[in-house]
Amino acid sequence: MKRWHLVVPLVLFVLLAAFLWRGLRLDPREVPSPLVDKPAPAFSLTRLDDASRTVRRDDMLGKVWLLNVWASWCEACRTEHPTLVSFAKSGTVPIVGLNYKDTRTEGLGWLARFGDPYAMSLFDEKGRVGIDFGVYGVPETFVIDKQGVVRFKLIGPLTPELIATKIQPLLKSLGDA
Amino acid sequence: MIPELGQLALLLALAAALIQGTLPLVGAARNRADWMALARPAAQVQCVLVAFAFACLASAFVRNDFSVLYVAEHSNTSLPLAYRIAGVWGGHEGSLLLWLLMLCGWMLALARFSRSIPAPVVARILAVMGLIGAGFLLFMLVTSNPFERIVPVPPNGNDLNPLLQDPGMVVHPPMLYMGYVGFSVAFAFAIAALLGGDLSAQWARWMRPWTTAAWCFLTLGIMLGSLWAYYVLGWGGWWFWDPVENASFMPWLAGTALIHSLAVTDKRGAFKSWTVLLAIVAFSLSLLGTFIVRSGVLSSVHAFATDPKRGVFILSFLVIVIGGSLLLYAWRAPKVGLGARFEMVSRESMLLVNNVLFVVAMLSVLLGTLYPLLLDALDLGKISVGPPYFDTVFLPLMAPVLFLLGIGPLARWKQAELPALAKRLRWAAGVAVLATLAAALVAGRITLGAAFGVLMSVWIVASIATDLAHRLRPIGPAPVSLWTRIQTLPRPLLGMMLAHVGVAVFAFGVSMVRTYEVERDVKMQTGDTTEVAGYVFTLRGLRNVKGPNYDAVQAVVDVRRNGTPVALMHPEKRTYRVQGTALTDAAIDRDIARDLYVSLGEPVEGGAWIVRIYVKPFVDWIWGGCLLMALGGALAASDRRYRAKQASEATSPITATLATGASA
């Protein structure tokens with residue numbers, strides 16, 4: 001009888017272990033984004049709350065803004081949400097939501113329940129724009145400047161600390177420019 | 001002084017574990033009875049030492065000894081005593097100590113209840129468990145010492161994570177760990193079988209009650225975790241496909257496959273190397289679960305402790321334990337043999353399908369959990385996996401499981417006839433279809449999912465009833481009372497039936513909640529009224545409440561139906577003073593047919609609040625089903641047959657089957 005199949009579990013495990021080993025070396029927050037300091041990908045999406053209104057990248061030119069990727073099924077978004085809500089209240093910068101791989105009802109219901117910090121949310125049902133932006137997981141946050149160039153990308157939830165140490169100094173320098 | 005004693009106890013326990021892990025193993029290989037005999041006392045010594053260390057840590061919590069870093073991080077003088085004790089496992093270091101304590105509990109039980117098992121087998125089993133214990137002790141002592149002191153001593157502690165300050169969370173981790181660690185017994189049996197090159201049906205019979213017991217604990221642990229998430233996280237969900245949840249669910253899936261494959265090995269002597277592999281996989285996944293939760297390789301909302309440095313140690317440990325045992329498997333599995341043959345249609349073949357489906361389900365959960373990491377490690381791109389993936393992959397896999405559950409237990413071993421089976425089950429099928437139509441009529445609307453859920457639940461119960469009626473039919477001329485006839489049924493059979501009814505109850509609850517739950521978010525002021533699914537909710541007022549270590553806004557919500565009062569509910573929004581964290585404490589009115597669930601969202605202008613109101617039909621059936629599964633498992637594990645003396649068990653598996661009837 002052939003015995004090669006008995007080795008299959010071992011081989012699978014070795015592969016898995018190699019990936020986990022590699023995974024330990026990765027800090028998901030430090031994945032460099034090829035997008036930083038490049039123009040934001042062009043997009044044309046409808047608003048989450050109004051399927052008849054389309055928003056394009058170029059509509060946003062001329063102001064500094066935050067793009068926050070979220071979804072109603074996303075656990076970490078709930079953790080992040082209070083931070084976003086209070087940051088939005090400060091009125092420092094418009095925050096645009098990118099509702100990623102979601103449905104309109106679920107997304108709107110989620111906002112109604114947990115509060116809506118967004119100037120508007122764009123509806124990316126299939127996640128196509130997310131792919132263009134290199135979305136790695138939800139939530140993610142991008143800072144985009146007046147010329148439409150991505151200046152900063154954060155993977156994972158925003159925290160008050162990150163806002164104070166990273167986002168706000170950056171916004172200040174972009175605002176002056 | 002006491003913490004230092006605890007640390008010393010851990011060091012000594014490591015020494016005992018190393019003795020337990022080496023000498024008996026060598027003894028079993030060289031047939032030295034004196035070395036093998038060391039296994040039991042070494043295990044007992046290790047247990048006493050670990051229990052002592054655990055008591056030392058608990059005493060530091062009770063005495064508010066904030067000179068111990070771990071206590072300072074996870075406790076506070078204002079924390080109620082019960083939570084100070086639960087705080088022992090509220091963080092990483094203490095969780096490990098609890099893990100170890102559980103391992104010791106299983107070892108002690110094994111040392112005590114293994115008199116009927118030959119000495120070399122016991123020596124090998126205890127040695128393997130000793131090595132696992134040594135690995136964990138080393139991990140604690142090197143990277144996560146719970147007894148580390150802090151200078152200067154802080155005046156007060158940082159408090160326990162408010163999410164954990166809950167009765168459910170006091171019981172959940174110990175149960176879950178009992179299950180995780182319980183699979184180490186099955187694992188140790190498997191390794192011992194590979195080392196000894198012997199895997200008889202007898203061996204499977206020794207292993208079965210241990211595995212079933214571990215599976216019961218794991219079932220209860222997952223159930224409690226889900227129940228906890230339901231009322232503490234405040235948004236009424238009961239399962240989120242969160243990596244930490246998946247980490248506990250994967251060993252459960254593998255363990256479920258294992259207890260079914262063990263049944264075949266026990267009854268028919270088949271599936272031998274498959275059983276060994278499943279035992280290794282179930283425990284490996286338990287270790288992987290620990291790794292996922294503790295290493296920070298996947299971050300998640302409720303991974304309470306994350307530290308990548310520790311991850312390196314755990315991963316090395318995983319590679320040694322899992323890699324080593326799979327290597328051993330590849331090398332020695334041919335020794336354990338293949339077992340008896342069976343036909344295409346037989347109980348064996350159906351259990352094989354069950355096993356395949358459970359393993360595939362487990363792999364799909366594993367893939368979904370690790371997918372983002374795998375793709376990123378390969379630089380293939382970035383992707384996120386959410387509940388949509390799990391729902392689409394998992395549900396179709398479980399559908400045939402439910403269907404076969406109605407047939408498998410009635411099929412005969414070795415060879416079954418399809419026409420005969422169909423004839424026996426035609427009533428069950430008819431009842432299931434009628435019940436589904438009736439449910440659709442009563443509810444007024446039905447979805448495909450709900451129809452399928454009702455159909456399968458009734459199908460399973462009806463098939464079990466058919467089986468039971470057949471087994472309980474009067475035989476012979478002398479009338480025997482029904483109760484006497486029930487008592488003659490073997491316990492594993494009754495346990496299996498009970499657990500399977502649990503599956504039906506669970507499936508029913510899930511399909512009802514998914515289809516018929518009503519969810520409403522409303523802005524309410526005192527005096528406002530809103531109607532949800534026929535219930536009228538009135539916000540009577542808001543008041544401030546002071547808890548032992550939190551302040552809360554409490555709403556008083558009056559619920560009426562057709563004018564008659566149903567419940568008075570008190571949802572709270574708590575702010576824990578030390579950490580300043582806000583927590584939603586939902587109010588739930590439970591009933592067998594529905595839960596009313598009210599939780600406070602955010603305050604809005606004008607003294608109004610966003611109030612979330614849910615009416616969840618049959619949601620408690622979800623946990624009730626889990627409870628039945630665990631009870632069924634406990635009933636099966638408690639069978640006397642497993643504790644029978646060795647002498648009476650010289651019978652071959654085939655005659656044993658004939659003697660006890662075709663039970664689980």
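B:Arg590 has a relative accessible area of 38% and is therefore partly exposed, where buried means under 20%, exposed over 50% and partly exposed in between (1.4 Å probe, protein chains only). Its partner in a salt bridge is B:Asp620, with 2.6 Å between the closest N and O atoms; the term denotes a side-chain nitrogen of Lys or Arg within 4 Å of a carboxyl oxygen of Asp or Glu. B:Asp620, by contrast, is buried at 18%. The two residues, 30 apart, link distant parts of the chain: B:Arg590 belongs to strand β8 (residues 587-590) and B:Asp620 to helix α19 (residues 620-637) of chain B. Helices (H or I, at least four residues) and strands (E, at least two) are DSSP runs numbered from the N terminus.

The model is predicted: local features need pLDDT of at least 70 and side-chain atom pairs 80 or more, while totals for chains, interfaces and linings use all residues. Residues are numbered from 1 along each chain as its sequence is written, chains are lettered from A and ligands numbered from 1 in the order written, and side-chain values use heavy atoms, without hydrogens and water.

A second pair within chain B consists of B:Arg149 and B:Glu4, whose salt bridge spans 2.7 Å from N to O. B:Arg149 lies in the loop between α7 (119-143) and α8 (167-196), and B:Glu4 in helix α1 (residues 2-30), 145 residues apart. Both residues also take part in a network of salt bridges with B:Arg63 and B:Asp65.

Which residue forms a salt bridge with A:Arg113? The partner is B:Glu519, at 2.6 Å between the closest N and O atoms. Because A:Arg113 lies in helix α3 (residues 104-114) of chain A and B:Glu519 in strand β1 (residues 518-524) of chain B, the pair joins two chains.
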